[in-house]
Amino acid sequence: MRSSSPYLSLRRGFAGREEGSGSRVLSRNRVGKAPPERALNSSRITALERTLREFPARSNGEVIVPEVGVSFDTIGEAYDFYNLYSWERGFGVRYGKSRLNVDWVKCMQEIVCGCSGRCLCPALIHLLRTKDNGWYICEHRDVHTHDLSASFGERAHWPSHRHIDSYRKDLVKQLRENNVNLGKVYSIIGSFFGKMENIPFTKRALKTLCGKISSEQADDDVRKTIEVFSEMGAADPEFTYSVQVDDDSRIMNLLWTTGKGRAQYHYFGDAITFDTTYRTNVYDMPFGLIVGVNSHFQSAIFAGVLLHEEKVENFEWVFREFVKMMSGKKPVTILTDQCRAMEGAISNVLPATKHRWCKWHVLRKAKERLGALYGKNSQFKVDFHQIVNQMLTKEEFKGAWLQMLSTYALQKNPYLYQIYETRHKWAKPYFSGIFCARMTSTQHSESANHMLKTYVPPGSAMHVFVKQFNKLLYDRDSEESFQEKRTRLVLTENLIH
């Protein structure tokens, strides 16, 4: 579900419109009070236990029997009891009419057949209060005006039989937050029941639950995000974040970094990549990472970014705040995608920084624009990659490029003409003398986008992204620690020998 607003509000406002003094009230206060519950008694036999004990003596083969006079502690217990009976018979149930007494306490409740109501099905159980505040069945109608569901598959589609208990809801929430897709979630839950046929709810019900989880995560997202930042700040005194808001106090841009990210930038921040191509979140706003490489040529994450829009002024704010967070140190080289707005912001805020394009983005755009010509088994693709990766001098690059255009009759191709005119931004011979920490390779330039896709689920809220960002940082730190240990062991062995 997407938010109706493209960006978020820091203020808590009214969801509806304002009403005048003489307008009709759209909502009313809830009347009545919760009914007192029957006192708990550990020696009392529940209705379900009683009917199961009596099952061997029944000749009709029914397990659950909602007889008149059966009592329950709560309405919920009665609902679950009648719902089990409906599963056995082949229909579903729902709450029907209820009535309050003079003390505004519920004294009657109907639980009816869960059909649409158009068939006027009379099947129900009629519940009244007992003297000790329990409930009992005073009437049971077992006649239906529609066909009953014969198979388990049909019964599972009744709304009352699509119930997912709280434990499995928590499991689904954790799996979805960790970017496990719907099909895999259903398969994982199926493994707990032995086989898929034993799952007590349908895949459609699971999809509905996932939609509700996404909706709940989007509610009050700003407050939840600030809470996550507070927790990060309590655990990391060097953690800091910056927020840009508009005149209505709505978040436009957000930037944050950790103490370790700032420390790593001090040592490895001469060459960075900034990728904002990942935008599969609930607000359709670009999420991005500012990344470099450490001494083991692993990706080092310096900061996380959330942008309102990819405009020059937004990127200018990000770069100014980032440099401020990093104690004024500016990068020597920055690698980005082919975003013109970002290019303008870099020239304005970081005029001394060398700006180049990530090779991965150039190749991905070539695949999109050239279509079948750039196919899997295309000889053109082989020649194109050879020019991109193996030409060492400007003269070699220019000659090979013109030869490729002539061979494939592509002199008038607009895309190839465009990228040739901007070859100094991405072609290997034009990187001579520019420090890039080997991040011009496809593997390193792709890593930021790939990392986000691995950790951040589609349609995620802002606070979920920040949580997953922390998990990503933890995994990167673990990999770095492993390489540090490995390097120390190698150095120790070399000293010994």
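Two residues are in contact when heavy atoms of theirs lie within 4.5 Å of each other.

**Figure 1. The whole chain, as a predicted model.** The chain contains 16 helices and 13 strands. Of its 497 residues, 43% are buried. The chain exposes about 28,000 Å², and carbon and sulfur atoms supply 52% of that area.

**Figure 2. Helix α1 meets helix α2.** Here you can follow two helices, α1 (residues 47–54) and α2 (residues 75–89), whose axes come within 10 Å and cross at roughly 30°. Which residues make the contact? From α1 come Ala47, Leu48 and Thr51, while α2 brings Glu77, Phe81 and Leu84. Sorted by class, this contact of α1 with α2 has 4 nonpolar, 1 polar and 1 charged residues.

**Figure 3. An open sheet of 5 strands.** Trace the strands across the sheet and you will read the order β2-β6-β5-β4-β3, with antiparallel pairing. Strands β2 (71–72) and β3 stand at the edges with a single partner strand each, so one side of each has no neighbour in the sheet. Helix α2 packs on this sheet and touches β2, β3, β4, β5 (124–129) and β6 (135–141). The direction of α2 makes about 145° with that of β3.

**Figure 4. The hairpin of β3 and β4.** Now move in on β3 (residues 93–100) and β4 (residues 106–113), which pair in the antiparallel sense over 6 bridges. To find your way along the pair, look for Ser98, which stands opposite Gln109 in β4. Arg94 also has a bridge partner in β4, namely Val112. Between the two strands of the hairpin there are 5 residues, and Trp104 in the turn has a positive phi of about 60°.

**Figure 5. Ile137 in strand β6.** Is Ile137 buried or exposed? Ile137 is buried, because its relative accessible area is 0% and the limit for buried is under 20%. Leaving aside residues up to four places away in sequence, Ile137 touches Pro66, Glu67, Val68, Gly69, Val70, Phe72, Ile125, His126 and Leu127. One of these, Ile125, is 12 residues from Ile137 in sequence, with 6.4 Å between their C-alpha atoms.

**Figure 6. Asn253 and the residues it touches.** Asn253 sits in strand β8 (residues 250–257). With 0% relative accessibility, Asn253 counts as buried.

**Figure 7. Asp220 in a loop between two helices.** Our last stop is the loop between α6 (203–218) and α7 (221–235), where you will find Asp220. Asp220 has a relative accessible area of 36%, so it is partly exposed: this value lies between the 20% and 50% limits. Follow the chain for 243 residues and you come to His463, whose C-alpha atom is separated from that of Asp220 by 9.9 Å.

Note on methods: Residues numbered from 1 in each chain as written. Predicted model: local features only at pLDDT ≥ 70, side-chain atom pairs only at ≥ 80, totals over all residues. Heavy atoms only, no water. Axes fitted to C-alpha atoms, helices over the stretch in contact; angles between N-to-C directions. Helix = DSSP H or I, 4+ residues; strand = E, 2+ residues; numbered from the N terminus. Nonpolar A, V, L, I, M, F, W, Y, C, P; charged D, E, K, R; others polar. Buried < 20%, exposed > 50% of the residue type's maximum accessible area, 1.4 Å probe, protein only. Pairing = 2+ DSSP bridges. Areas by Shrake-Rupley, 256 points an atom, 1.4 Å probe, with all protein chains shown as cover.
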